[in-house]
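Hello,

Here is the structure for your files, with the sequence. My notes on strand pairing and backbone angles follow below.

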Amino acid sequence: MSEVISFNTEDSIKQSFTEQKPIDIFSLVDENDPILKSKSIDFDFGNPPLDANEFASTLVETCRIKNGYGLAANQCGYALRVFVMGAGEEFIACFNPKILSSSTEESMIAEGCLSFPMLALKVSRPKEIEVEYYDWNGEKHEATFEGLSSHIFQHELDHLNGIVYTSRVKPLALSMGMKKRNKAAKNLRIR
């Protein structure tokens, strides 16, 4: 004989929402923070300064929530050679990354940066690069990136080397970009 089991779905839904662990994200440093112009140190897997998996996961969640394609550790106040890049569910964490070779052919792409909100600047970079990086387990990887992925990798690696993308454009282009950003910010405040 079967018994009737009652199940209160409303209580279950309330419980599932209250039991969910909040997503941890990092705060971003201000665009004038000196850490953005300082070279980061290698992540030491032999004596890790923090849990690599947890750190990479928090960088990914921060990047997703901020609608970025890449995020370097120093943008969050950590002077470690780590960044994440990707979109949607497809992200990679790059620990101690380096470029092994790059093409002579370059491409010009408008880049943005989570550290410089609403500032789009066209930056010329090698179209294709061969790279090396370690994942959060300390496992070495080699990869080839081209187009947008190449730009993202180079942009984030620049961060780890204390270089911001505003230094990669001519002064007039930067000035015009800043004027557009200031105008857009003013229009947002008016509304």
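S102 stands opposite I129, a residue of β6. The two strands concerned are β3, residues 90-102, and β6, residues 128-134, which pair in the antiparallel sense over five bridges. Pairing here requires that DSSP finds at least two bridges between two strands. Strands are DSSP runs of E with at least two residues, and helices are runs of H or I with at least four, both numbered from the N terminus.

This is a predicted model, in which local features need pLDDT of at least 70 and side-chain atom pairs count only at pLDDT 80 or more, while totals for chains, interfaces and linings use all residues. Residues are numbered from 1 along each chain as its sequence is written, and side-chain values use heavy atoms, without hydrogens and water.

The open sheet has five strands in the order β1-β2-β3-β6-β7, with antiparallel pairing. Because β1 (70-72) and β7 (140-146) each have a single partner strand, they stand at the edges and one side of each has no neighbour in the sheet. On average, neighbouring strands of this sheet are turned by 40° against each other, direction ignored (axes are lines fitted to C-alpha atoms, and angles run from 0 to 180 degrees between N-to-C directions).

Most residues other than glycine have a negative phi. N67, in the loop between α2 (52-65) and β1, has a positive phi near 60°. M118, in strand β5 (residues 116-126), has a positive phi near 65°.

N67 counts as exposed because its relative accessibility is 66%, and M118 counts as partly exposed at 45%. The cut-offs are under 20% relative accessible area for buried, over 50% for exposed and partly exposed in between, with a 1.4 Å probe and protein chains only.

Regards
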